[in-house]
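This report goes through one structure, from its chains to a single residue. Please keep the sequence and the 3D view open while reading.

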Amino acid sequence: MTEGKLDHFAYDDKIVRNFLMATMIWAGAAFLFGLLAALELAHWPFNLNTEFITFGRLRPLHTNAAIFAFAGNAIFAGIYYSTQRLLKARMFSDALSQIHFWGWQLVIICAAITLPLGYSQSKEYAELEWPIDLLITLIWVVFAINFFGTIKKRREQHMYVAIWFYIATIITVAVLHIINSIELPVSFLQSYPVYAGMQDALVQWWYGHNAVAFFLTTPFLGLMYYYMPKIANRPIYSYRLSIIHFWSLVFIYIWAGPHHLLYTALPDWAQTLGMVFSLMLWAPSWGGMINGLLTLRGAWHLLREDPLVKFMVAAITFYGMATFEGPLLSIKSVSSLGHYTDWIIGHVHIGALGWNGFLTFAMIYYLVPKLWNTKLYSLRLATAHFWIGLLGILLYYISMVTAGITQGLMWRAVDGSGRLVYPDFVETVTKIVPLYWVRAFGGLFYIIGFALMAYNIYRTIKQANTKVVDTKVSAAPLTNHKVEDEEPHKKLEGMGLTFSVLSFIAIAVGSIIEIVPTLSLHKYVEPSKIIDPYTPLQLAGRDIYVKEGCYVCHSQMIRKLPSEVLRYGPASTIEESMWDRPFQWGSKRTGPDLARLGGKYPSLWHFKHMMDPRSTSPGSIMPNYPWLYSKKTDFLILRKKLSVMKGLGVPYSDEEVSQADLNAIKEAKIIADDLRSQGIEMEKLDEKEIVALISYLQALGQKGKK
Amino acid sequence: MKQEALSFFTDTWLTLIGLTIFFTYFVYMIIHVLYVKKEYYDAMEKLPLRGDSK
């Protein structure tokens, strides 16, 4: 297949350096946002009564920064470096590489501006609004063209296992992002998803789970398969195992999303399917972990001597722990205890801090000296980073798992007479606040370790006197990409397009079987239970609820569990959220479930509660929301909002749409008059956002009641 | 109790289809990797370690 002459060319190392620097910068931001969020939970005054950094808005900023800014840039740095070397080719287009880099940074900056301002779709890890969604799609396509173009012009016939993981990542993230982001714009920075209620929940958690799978797992596994052998200077333990690992993981992962919705109103067949496939994930995940760790067979002394190996081995071990715990939490009975608690937060962070973070640090320590043609400034600092970071992760994880199990047990505790032992939700919160402090200290240790790394990397680059140049190499060209007379998988690895199509089919099977049946909502809806849609003011209030990120701490889904029914009322039904765009089932209960909040308290209670939650719920850690009492509800946009909802199938009449603002004003007057009658004096009270929010909160669980 | 719980479990054919597809796929993959020659695996394992120096 190859000719005698050699091609002389250089790898594009500049793009790798750019992404590495971006990784470092955004890592600092993501970690600091996380620390502030942890402090806000430990001590609510850290919210500073400031809307832009209040927990409901800060948490999405933290998760987006950690996933897409820190991990995203790390992935791209690792992929651009390893792909060129594994395929023996410079990237397809330097221009596309630069567009990818700057475009991705633009996405991050847009997120950093819009999320604190409250522009959010409230779908976890997919909060960004539609113009940014379009930008992400565009930049991802640029990345895909650049990557597949490089495969096309490669000089290495066979694609190493790392490249397969990159292919699966690029294809699946595109599918996930596009399908989960189908929405209709209401204004420049607001939209409603085409899916509603249970459909929206399923699509979102199909996306949410697979964002973890295909943004935080498969690309990092690709990086593991490249950088572990490089750092240890030994081949991967078993290439045969890597084939089974790849195809099993890619096929199974996509099915697991419904495990986020166990005991909810999601049809039981989908819940069970999600649980069973989650359990099956144990096998390929641990196959991958074993493959990574056993790469050190016969060279375990490196673990004692080399901080990079320490980081890599710890990362792979944390991957093993997280992928053991994930399926465990997917078992229905375990989920009934752990879901909505801080156990899930601990689980997520052992993956993010341990697996993604430590693997990225190992990669950075490996790449920077190579790319700047020098040696690492200090191995001792790197070792100190490892131990301080490890202490931070352990403090974080142990405190959160303890907090989660404690809270889960308190929620379900029932005495001999069948009553809740801890009926006051706040009691279950104050109990775990000390553990929130431990978590914050864990995060602080992790950041101190990162600061040591930043200093180490700064000194490493500073000591590199020579002008950095791209790596020059020679390789024989490939004259023919057709692979004949070879064994099946060997043949497949020589055919980039076919391989990509098969990867797509592997992820499409599970997606279609799970999602398509639930798009026929009528199958699951009891016609006699269909509820009225929200009134215009309730809809306005709902959008404020979404904007303030209330879903971050409050669920709206009473699971079919006796203790939940005792605490909150009858289990939630599909019909109750069938007009909800976006759905607000939530994934965490730092505060209580709100599905049946309506009518539980008078409007005055809500008015006081949002101003100072401690005035009505002593011990609460919820932030104050003083800006809701000065900001005005936008009544005029309600016609457009109802019109878009009507277009999506919500049964509003033409008159209701055309009179939306007038009807909302009338509704607001009723609530404001009620508040005034109880002594509230505030100028233009009817127009304030708090009134619209109260209207929505009072509607929760009240629809369809006779 | 068991009967009540199972009454919510509709569309079992979807669960069965999913599991059947995966089982078939996985068995094929296991048989397949056992038939590939060791020399090929040895060569592929070493791919990242080749030709990276400046």
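How many helices and strands does chain B have? Chain B has three helices and zero strands.

## Basis of the model

This is a predicted model, in which local features need pLDDT of at least 70 and side-chain atom pairs count only at pLDDT 80 or more, while totals for chains, interfaces and linings use all residues. Residues are numbered from 1 along each chain as its sequence is written, and chains are lettered from A and ligands numbered from 1 in the order in which they are written.

From the N terminus on, the order of elements in chain B is α-α-α. Helices (H or I, at least four residues) and strands (E, at least two) are DSSP runs, numbered from the N terminus. Of the 54 residues in chain B, 11% are buried. A residue is buried if 20 or more other C-beta atoms lie within 10 Å of its own, exposed if 12 or fewer, and partly exposed in between, with C-beta atoms placed from the backbone.

The contact between the chains takes 32 residues from chain B and 34 residues from chain A. Two residues are in contact if their C-beta atoms, placed from the backbone, lie within 7 Å. On the side of chain B, the elements that give two or more residues are α2 (12-34) and α3 (38-45) of chain B. The most come from α2(B), with 14 residues. By class, the side of chain B that touches chain A has 20 nonpolar, six polar and six charged residues. Here Ala, Val, Leu, Ile, Met, Phe, Trp, Tyr, Cys and Pro count as nonpolar, Asp, Glu, Lys and Arg as charged, and the others, Gly among them, as polar.

## Domains of chain A

Chain A is assigned domain 1 (316-469) and domain 2 (529-699); the bounds come from an automatic or database domain assignment. The centres of the two domains, taken over C-alpha atoms, are 34 Å apart.

In the contact between the domains, 12 residues of domain 1 of chain A meet 12 residues of domain 2 of chain A. On the side of domain 1, α15 (379-412) and α16 (425-430) of chain A are the elements that give two or more residues. The most come from α16(A), with four residues. This side of domain 1 divides into nine nonpolar, two polar and one charged.

## Helix α4 of chain A

Helix α4 (residues 130-152) of chain A has 23 residues and reaches 32 Å from its first C-alpha to its last, close to the expected 33 Å. The expected span is 1.5 Å times one less than the number of residues. Among the buried residues of α4(A) are Trp130(A), Asp133(A), Phe143(A), Asn146(A) and Phe147(A). The buried residues of α4(A) pack against elements of chain A including α2 (55-87), α3 (94-114), β2 (183-187) and α19 (496-519).

## His259 of chain A

Where is His259(A)? His259(A) lies in the loop between α8 (239-253) and α9 (268-280) of chain A. His259(A) counts as buried because it has 27 C-beta neighbours inside 10 Å.

His259(A) and Gly274(A) are 15 residues apart in sequence, and their C-alpha atoms are 5.1 Å apart in space. Not counting residues up to four places away in sequence, His259(A) touches Gly274(A), Met275(A), Ser278(A), Ser330(A) and Ser335(A).
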